[in-house]
Amino acid sequence: MTTSPLRLRDGVVAQILENEMLLLDTVGGQYFDLNPSGTVMLDCLLKGGSRLATLALVMERFAVERDRAEADLDALVGALRRAGLVDGEVAR
């Protein structure tokens, strides 16, 4: 079984402005903004980065421990899924 990588759902556009990513759901008319660490995480994942690569990048850039980075990444992806902003899977 092949899974597709994490991607923005149709109708969702993203723009990075001053270290924060803005996501606009053009279908639902809502917008979301991510803090700098969320921006780094989602940007890495959308560019095809694996979970491990994303965690390494966040730990290096924000000097956080792995447990914290993992919890934040899981929370971000979960929130994006619940909001209907992303499809696909995070590569291990």
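Biologist: Are helix 1 and helix 3 roughly parallel or roughly perpendicular to each other?

Modeller: The model is predicted, and what follows is computed from it. Helix 1 and helix 3 pack at an angle of about 70 degrees, and their axes lie 10 Å apart. Angles of 65 to 115 degrees count as roughly perpendicular, and helix 1 and helix 3 are therefore roughly perpendicular to each other. On the helix 1 side, the contact is made by G38, M41, L42 and L45. Helix 3 contributes D72, L73, L76, V77 and L80. Of the residues in this contact, seven are nonpolar, one is polar and one is charged.

Helix 2 packs against both of these helices: its buried residues meet helix 1 (36-46) and helix 3 (66-82). Helix 2 itself covers residues 51-62, 12 residues in total. From first C-alpha to last, helix 2 reaches 16 Å, close to the 16 Å expected at 1.5 Å a residue. The buried residues of helix 2 are R51, T54, L55 and V58. Because they cover an arc of only 100 degrees around the axis, they sit on the same side of helix 2. The face of helix 2 turned away from its buried side carries E60 and R61, which are exposed. Just after helix 2, A63 adopts a positive phi of about 50 degrees.

Methods
Residues numbered from 1 in each chain as written. Predicted model: local features only at pLDDT ≥ 70, side-chain atom pairs only at ≥ 80, totals over all residues. Heavy atoms only, no water. Helix = DSSP H or I, 4+ residues; strand = E, 2+ residues; numbered from the N terminus. Expected span 1.5 Å × (residues − 1). Buried < 20%, exposed > 50% of the residue type's maximum accessible area, 1.4 Å probe, protein only. Arc of directions from axis to C-beta. Contact = heavy atoms within 4.5 Å. Axes fitted to C-alpha atoms, helices over the stretch in contact; angles between N-to-C directions. Parallel < 35°, antiparallel > 145°, perpendicular 65-115°, else oblique. Nonpolar A, V, L, I, M, F, W, Y, C, P; charged D, E, K, R; others polar.
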